[in-house]
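Biologist: I am new to this model and would like to know what the labels on it rest on. Please set each value against its definition.

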Amino acid sequence: MESSSSTERVRFRTQVLARHLHQHVPSQSQSQSLRPSTCLSYSPPELSEPFDFDTKAMRKLMDGHNLEDRDWLFGLMVQSNLFCPKERGGKVFVTPDYNQTMEQQREMTMKRIGYLLDRGVFQGWLTKTGPEAELRKFAFLDVMGIFDHSLSVKLGVHFFLWGGAIQFFGTKRHHEKWLRDSENYVIKGCFAMTELGHGSNVRGIETVTTYDSNTEEFVINTPCESAQKYWIGGAANHATHTIVFSQLNMNGNSQGVHAFIAQIRDTDGNVCPNIRVADCGHKIGLNGVDNGRIWFDNVRVPRENLLNSVADVSPDGQYLSAIKNPDQRFAAFLAPLTSGRVTIAVSSIYTSKIGLAIAIRYALSRRAFSMSPNGPEVLLLDYPSHQRRLLPLLAKTYAMSFAANYLKMLYVRRTPETNKTIHIVSSAFKASLTWHNMRTLQECREACGGQGLKSENHVGHLKSEYDVQSTFEGDNNVLMQQVSKALLAEFVAAKKKNKPFAGLGLEHMNKACPVIPSQLTSSTLRGVHFQTDIFCLRERDLLHRFAAEVSQHQVQGESKEYAFIVSYQLAEDLGKAFSDRAILQTFIEAEETVSAGPLKNILGLLRTTYALITMEEDAAFLRYGFLSRENAAAVRKETGKLCSELRPHALALVSSFGIPDAFLSPIAFNWVAANSWSSVQD
């Protein structure tokens, strides 16, 4: 039957080609049988796609907190012309106008901030404390990032970096003087850490500050061109003040990096004396943020402008700190800055949700090719290859959404004892989630074909908007190496003290080494026990290998730093293994909160798809023998089955994201009407 069907298709296509080449004119009897072909029309996928689980309950599980606040802000933004509402295909969409010049985009960002400020959105962002206030702030930032990355980054710099530095590095005198005016945007802050010559290596920055005990002032200087502050968000146009990160030189001795408050513009927007500011110029994305460069020429600031929670200087010039070890002081100094990595990790997953919601909805209404000569064209998402492109990314996005929620809760409930854990987990998740976002957006762009190139359809443009996340607030590769170094330190400490592992999810190292079955069946592959075992096996084995390789280099007389550098491949594999295992664990914990039923069933499918696609894609599972060739083939085969099982739930899964239609794009809905001639005339 299959051979006969194939022959029939070949015969049909041959006849079509022959008629075309010979300009065949059909006979009267043939022409009478012809009928006008029906034009393609849009059919909403909601008419045919089932919703077999509670999408509202799924959204609550995904967003985690402040759903009503989120929806209120979505509505507030849709109401204003500042958010550029535009009707396309019978729906209104809001999106920044990327056809505007860089200068216009920057001014629109400030106008939108003013609109939100007037409506109380930022109330309590710097003057209220506690998990409830912080989660509300995170929720609002999520929503603003869904609309425009420039808006969320501009606010993130002002509230989380400038404001956060004052909160965490400062003391009561700074809180009382600066926080309320910053919350009300009377003061517009920026955060001058990165320099032309130093990015990830904060310890090596070259800006120098000395102390003048005669005037009780600090004197800040940019001693060379590589010390100019670079990529400082808000500095080019709008910021009135900045946090300056600088080496503090006291009586000829360097005390390391410290932070100072400096004014860079007056209330009229004029640049202050001894300050030079230049624009970083046009970027591949984020042009609504005014990134600038700053030089300091003997800029004097009062002694009280040193943010002194870690160290202080007395009026007569004595350096005071309860932390005598410079390394520990530096670590304590930078610990609060994890908020930036937290917000980046979270926003990257919301962006993945946007890309997937658009690409999957388009694939549920766009058809291409038919299975038979006269048969209907097939929906894109009914092709197994298209399912393989998008649905594993959907499962990963669900898994990483739970990881992002875990990271937020870890951050808002932080204590001095958890700072190390937050640093390591935020570093790992920031790298994994932003890498995933870029890959997802690229696949979604391609899955939308030519429509993915149009700016109004978002997906293509989001790639350039979010590309920066891989390198700002820490280069991803550097962050992953930091994770591996931290894990090695835990390993060495546990072995040296002969104590069990505690924290960072490494407790599995205290148990017997997991044994993976020689033959993996479908039921085994889908079991949470197997998935946990193989992820833990991979992490513990790589940690042992990394420790052994670094130790071997040290035995040969090489420094610890050099040993780390030459062991980078194992470090990268270990960092990824830690992150993947931690993400799986957060998924399992989220799943355990759900009672038996359809919602729990679909979560099980998603979790298994996440686990298996991770095994399939990471060569470490084969490279180090965690999977045999036969078992790797079984994993690949099972992943294909899982995609077909997820296919009926695709619309419900992207609907569970809770992103209003207005924040998606025309091709996610009636793309025929959105591109009709009448839309051109309108």
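Modeller: The crossing of α12 and α14 is left-handed.

Biologist: Why is the crossing of α12 and α14 called left-handed?

Modeller: The crossing of α12 and α14 falls in the left-handed class. This is a predicted model, in which local features need pLDDT of at least 70, side-chain atom pairs count only at pLDDT 80 or more, and totals for chains, interfaces and linings use all residues. Residues are numbered from 1 along each chain as its sequence is written, and side-chain values use heavy atoms, with hydrogens and water left out.

Biologist: At what angle do α12 and α14 cross, and within what distance do their axes come?

Modeller: Helix α12 (residues 419-447) and helix α14 (residues 476-497) cross at roughly 140°, and their axes come within 9 Å. The axes are lines fitted to C-alpha atoms, for helices over the stretch in contact, and angles run from 0 to 180 degrees between N-to-C directions. The helices themselves are DSSP runs of H or I with at least four residues, strands are runs of E with at least two, and both are numbered from the N terminus.

Biologist: Which residues make the contact of α12 with α14?

Modeller: Contact means heavy atoms within 4.5 Å. On the α12 side the residues include His423, Ile424, Ala428 and Trp435, and among those of α14 are Leu479, Met480, Val483 and Ala486. By class there are eight nonpolar, seven polar and three charged residues. Here Ala, Val, Leu, Ile, Met, Phe, Trp, Tyr, Cys and Pro count as nonpolar, Asp, Glu, Lys and Arg as charged, and the others, Gly among them, as polar.

Biologist: How do α19 and α21 pack?

Modeller: Helix α19 (residues 598-617) and helix α21 (residues 629-646) pack at about 145°, with axes 9 Å apart. Their crossing is left-handed too. The contact includes Leu605, Thr609 and Leu612 of α19, and Val635, Thr639 and Leu642 of α21. Its residues divide into nine nonpolar, three polar and four charged.

Biologist: What makes β6, β10 and β9 a sheet?

Modeller: Two strands pair if DSSP finds at least two bridges between them. Three bridges join β6 to β10, and five join β9 to β10 (residues 291-296), so both pairs meet the rule. The sheet is open, with the order β6-β10-β9 and antiparallel pairing.

Biologist: How do you know that β6 and β9 are edge strands?

Modeller: Each of β6 (229-233) and β9 (275-279) pairs on one side only. The twist averages 35° from one strand to the next. As for bridge partners in β10, Lys229 has Ile294, Asp279 has Gly292, and Arg276 stands opposite Trp295.

Biologist: Why is β10 described as largely enclosed?

Modeller: Five of its six residues are buried, so the rest of the structure largely encloses β10. Buried means under 20% relative accessible area, exposed over 50%, and partly exposed in between (1.4 Å probe, protein chains only).

Biologist: Why is Leu651 called buried?

Modeller: Its relative accessibility is 0%, so Leu651 counts as buried. Leu651 lies in helix α22 (residues 650-655). Not counting residues up to four places away in sequence, Leu651 touches Pro45, Glu46, Glu49, Phe51, Arg361 and Leu364. Leu651 and Glu46 are 605 residues apart in sequence but 7.7 Å apart in space, C-alpha to C-alpha.

Terms used
A crossing is left-handed if the near helix is turned anticlockwise from the far one by less than a right angle, and right-handed if clockwise.
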